[in-house]
Amino acid sequence: MSASEIRSSKAEELRVVHQPLPRHDQQEKIAGSTRYAGDLAFSSMLHARLVRAPVPSAKITRRDAATAAAVPGVACVLFGEDVPHNLIWVDVPGQTVEVAALKASMEVLATDRVRFHGEPVALVVADSEEALAEACDLVDIEYEELPGVFDPTEALAPGAPAVHAPGNLLGEWNIDRGAVDEAFAAADVIVEGTYRTQPVDHAYLEPEAGVGWLDDEGVLTLRVATQVVEHYRDVARILGIPDSRVRVIAPYVGGGFGGKEDMTVEPYLALAVWRTRRPVKMQWTRQESLLARPKRHAMLLRYRTAACADGTILGQEVDITADSGAYAYLSALVLLYSSVHACGPYRVGSVRLRARCAYTNNPPTSAFRGFGGMQVVFGYESQMDLLARRLSIPPADIRKRNALARGDVLPVGQPIETEVLLAQTIDAVCDRAGGKPRPSGPRRAVGRGIASNIQSYGRLVWLNDSAAAWVGWQLDGSLTVRCGVPDIGGGQASSLAQIASELLGTPMDRITVHFGDSALTPLAGTTTATRQLLMSGNAVYEACVLLRDGLLGAVAEAAGQPPGGLRLGPGGVTAEGFGMDLREALVICRRRNVPIEALGTFFGPKGKPVVRDLHADRVFPDFTFGTHLCDVEVDLDTGKVRVLRYVAAHDVGRAINPRSVEGQISGAVVQGLGMALLEEVALDDGVNLTGGLFQYLIPASTDVPDIETVVLESGEGMGPFGARGIGEPPIGPPSAAVASAIHDAVGHRPVVLPITPERVLACVDAAGQPG
Amino acid sequence: MFTRAFRYERAQRYTDACDLLREHGEEAKVIAGGQSLLPMINLGLVQPGLVVDISRLAEGRELTVTGDGYLVLGALVTHARLAADPAARAAQPLLPAAAGQIGNARVRNRGTLGGSLAHADPAAELPLVMVALGATYEVTTGQASREIRAEDFHLGFFTTGLDDDELIVSVRAPVLGPGWGWSFQEVARRDGDFAMASAVALIRSADGLIIESRVAVGGVSDRPLRLADVETALTGCAAADLAGRVGPIQGISPAGDTGASAQYKARLTRVLVTRALAEAAARAEEAA
Amino acid sequence: MSEAATAGGGGMSEAVTVTLVVNGRPVTRAAGAHLTLLRWLRDEAGVTDPKYGCGEGICGACTVLVDGEPVSACIVLAAQVDGAEVTTAAGLLGGDGSLGPLQRAFHEHHAAQCGFCTPGMLMAAAALLSAGRPASREEIRAALHGNLCRCTGYGPIVDAVEAAQTEAAQAEAAQAEAAQAEAAQAEAAQAEAGQREGRR
């Protein structure tokens, strides 16, 4: 049995919330009956496929569709000129309010120039996959290669080829706090480190897919694997039609992790449907996905940390250079997250931070679980480990010494307003792990590492985030919930049912959640940024409170009961010596014009927009803290690393569904271990060599141990019932924990990801072990 | 997966299959297990006009130990069958050990011995073991057959000594004789991935001294390589001194990639050869 | 087993007629010979629980049982397995559409999050369980290593398979006990009848 524990510090009598209930969506998935985006088919359906640039930087000198269009079965071949508004604006997706975010654009189909290997240039639509395959080969496109730049540091140097006018600097954030130079001058010890992270692919099991059609009213409807139904606005803009004439439906998604946050098939499907007036299906191949979908930002992180002999950190200097790839997407925001999280869950005294992201002709980079807060963990936790060694202070102790507490202020200026259980998470993993195991044989070494992290949940406060949900009773007492939240596997939809069940007493099997439809469900924003429990959870909470209070008020009046004494539960309305069936109570409501349906809207915390020189008293709603522990065994002759043991502890505030929480932690840790040890998008001067899953290595079941989880519940989160977000936080620590464990095993630290066997051997050599 | 159409013909006998290959030349591709061909078709690397299915031939499925010390395997024996067969394990344990490392269970259920040998991926397990064992392959044109030694068959990257109308019918490999020990070593990034390097050793020893050996490496050249100089250096050597006799491996030319450089693979090869020798020697001791 | 169909003359055409017994239901279609088993199941037979994940035979999302053995449907041609019995996740359901024992174990142990790998994972697990030998957690992991999952971290899946294995073993033991008891009863009844005979 995967061992996991839950430790609650604020007990509440919860009936449904906090139960490890099997999720209602899982039943269908396990039966095999869930219809994902690629599972729907229509008669007289067409198929669409993109023709993509084979080179990373080029002028397009010729485009000719005649031969391709003549292939029997081809409906049309489209170039950029065929797109009414051939631009994808990068606003922040899913926002209900316009924000003055960095606007950068890219073409839906490139007309004049391509900037990355795989950029879409033509769209072919045909009546069969076979005709498509033939026609795509025959689209005649000629390129004249241009000089490109493939490293962000080089891209920022004078004279570098400009990926976009006027230059390659896309975004910049600075933090200056306190007197950094004085802090360094006064320090007993200064530790320096340079760390590199690599471009990583989401590698969800479901490649991008969707189906589009015109409904009976001529509304362009897209049923696509997406984390954001609000992209209907972007599609409408591209086609030049009113927003209200586009509908996006999000079925259950086969994994998102941020890779389905930006548009994927939407604009192309929409174009094909709009042009042909017929249903169209688009299924990207895995190879296409690996080639051209935005990746996690590769980052170069330079840290200098100043501390006293007793381990107190006096100052941090951080320099971050991130690769934005060929188009902006969400890079500026990713870098903002990196900047805010760059010093970790610690008091660090004075700070000087410079963070820049640069355009290159590499594949674009954008959102990926952790969103910039993840890469910096490798930096700040490696520094903590080096500091611990230099000062001969145990790694656990040095972290506790510097741990943030309620009232402390982050370098960016935001105070921590909730209780921080960092020390408890450190103790939890150390207690759980016990002693370090012995090596399994000669020429093997065992090491242990720990890593703590901080990761925000909820969106940047100046984005004016909000979410809405509609909850309504049926006359028979069953419940309907409508919420625009896309469910990407984290139990987003079923959590809403659990919350509603807790508040209204309706049993889970009498609650139906309709989700993810931009036309028919109230908009709840993106399933990203670990925000949905906070946002749509609270929206459902609000709607349920309205319903409950309305119903109880009506019953109190009608039955002459004192209102305060009434309770709503599975048995209906009850009080001391009184009981009423729910259906009867509903009749009373309707007679008294008390609504039995309610729309709840939850508005996220607000703040002022940030500028380049970051200083804000509020950037994120709140944060989740945690610590991981990892034991590894290293083969000193081959450099292969085996993860023997992994324990992860997080304060989740309140676990709405403990099994879902454990699942999120376990899955995120394994994804993090993949980045630590295995995964890399192979680029050679912008040419993406990653040809398939045979090359892009994600962890399989034999690559990881059972992930042991310790779930702490402070009750201090801002989500319903005091929950914090848990989707992203656990992906941060694994790289650092593994690196520290390897350092412990062989005596030298890996500083480049992924930590391949070759890099481990280099550490073994550097430490002077006999080779 | 989303490929152009091609034609399909199912052969009943080797002669039919070879006839079809002669008739259709370059546009015809043979499919047995399909575990190498179909991924290449799905990825658009190969576009046959005709696929000749030999997976249901009545022939090519034997697995027998002969009286004169050979294990004879039909070309259509699947990796799963070879990995699990008790007779094969008793006769030549190197073969089931190697077959069991191939890919994953699904690949092993469909993939065939003949298919793997004919595909000739330089990092594949079975060509390496066949070269190490000095196995011979029987190949046919449907009209005539000939024998070809493994080391003469595997010529380069995905290149073999097969003529365009020839198919492998069976493989003859020596059984593990008395006094012999064996070892199969490979290191991949994950279980079942293609090896970054692999090594096979067979050692016959007596009274703690090496009498003869066969050593070969895979994944570090365009085909499996016998290490004749290592074999020579080992003769007469004491089992305890083996590690000292293995220097940097000569004659290999590993290809570097993002995950592992050529230098690392060369270093890994030496480690694996050393380990293979130690394990084979230990097994030889036990066998004595 | 059918020969290659001739559609419109000639010895070889692009179409073949393939019959497969899919989850107990015979399905016959004439379709392109180039169709993989995966495409044939999804597009011709309307069985969409095996998924397209890579087309390389690596991710395992397309795993189905062909005559009881797990294969990657994306790298097998439907024509090659003409006449075979194919089982997908939907084939593990009970007659009334309820989850089968292995599926119930997945459900109880939260072994599915996004669910995309689940149908293939179930078939790999089903193949392991049908071998009948009790497997340790390590052996379960090894049996599943060809099925990739990006959401669960694998632990809950291993838990589910282990639980299903235990339940199956207990059910078998209970069955064996019941059969033994029945046999003992029958023996005793016979003996008694024999005695009565003897007394006459």
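## Getting started

In what follows, helices are DSSP runs of H or I with at least four residues, strands are E runs of at least two, and both are numbered from the N terminus. Please keep in mind that this is a predicted model.

## Chain A as a whole

Let us start with chain A, which holds 18 helices and 31 strands. Its radius of gyration is 27 Å, close to the 28 Å given by the globule rule for 771 residues, so chain A is as compact as a globular protein of that length. Along the principal axes, the C-alpha atoms of chain A fill a box of roughly 85 × 75 × 50 Å.

Of the 771 residues in chain A, 63% count as buried. Among the contacts in chain A with a separation of 6 or more, 80% are between residues 24 or more positions apart.

## A helix to look at: α12 of chain A

Helix α12 of chain A covers residues 422-433. At 1.5 Å a residue, its 12 residues should span 16 Å, and the 17 Å between its end C-alpha atoms agrees with this. Just after α12(A) comes A:G434, with a positive phi of about 65°.

Which residues of α12(A) are buried? They are A:L422, A:Q424, A:T425, A:I426, A:A428 and A:V429.

Most residues other than glycine have a negative phi, and most peptide bonds are trans. A:A203 has a positive phi, near 50°, and sits in the loop between β11 (189-196) and β12 (209-214) of chain A. Is A:A203 buried or exposed? With 25 other C-beta atoms within 10 Å, A:A203 is buried, because 20 or more is the cut-off. A:F371 also has a positive phi near 50°, and its place is the loop between β18 (350-359) and α10 (375-391) of chain A. A:F371 has 27 other C-beta atoms within 10 Å, so it is buried.

There are cis peptide bonds to find as well. One joins A:A165 and A:P166, with omega about -5°; A:P166 belongs to the loop between α4 (152-155) and β10 (169-177) of chain A. Another runs from A:L753 to A:P754, with omega near -5°, and A:P754 lies in the loop between α17 (734-746) and α18 (757-767) of chain A.

## Where chain A meets its neighbours

The contact between chain A and chain C takes 47 residues from chain A and 41 from chain C. On the chain A side, α1 (24-31) and α16 (658-677) each supply at least two residues. The most comes from α16(A), with 8 residues. By class, this side of chain A has 20 nonpolar, 20 polar and 7 charged residues.

Chain A also touches chain B, where 18 residues of chain B are in contact with 20 residues of chain A. Helix α11 of chain B (residues 262-287) gives the largest share of the chain B side, 3 residues. That side divides into 9 nonpolar, 4 polar and 5 charged residues.

## The domains of chain B

Chain B is divided into domain 1 (7-53), domain 2 (63-174) and domain 3 (180-287). The C-alpha centres of domain 1 and domain 2 of chain B lie 19 Å apart, and their contact takes 14 residues from domain 1 and 16 residues from domain 2. On the domain 1 side, helix α1 of chain B (residues 14-24) gives the most, with 7 residues. The residues on this side of domain 1 divide into 6 nonpolar, 6 polar and 2 charged.

Technical notes: Residues are numbered from 1 along each chain as its sequence is written. Chains are lettered from A and ligands numbered from 1 in the order in which they are written. This is a predicted model: local features need pLDDT of at least 70, side-chain atom pairs count only at pLDDT 80 or more; totals for chains, interfaces and linings use all residues. Two residues are in contact if their C-beta atoms, placed from the backbone, lie within 7 Å. Ala, Val, Leu, Ile, Met, Phe, Trp, Tyr, Cys and Pro count as nonpolar, Asp, Glu, Lys and Arg as charged, and the others, Gly among them, as polar. The radius of gyration is taken over C-alpha atoms; the globule rule is 2.2 Å times the number of residues to the power 0.38. A residue is buried if 20 or more other C-beta atoms lie within 10 Å of its own, exposed if 12 or fewer, and partly exposed in between; C-beta atoms are placed from the backbone. The expected span of a helix is 1.5 Å times one less than its number of residues. Domain bounds come from an automatic or database domain assignment.
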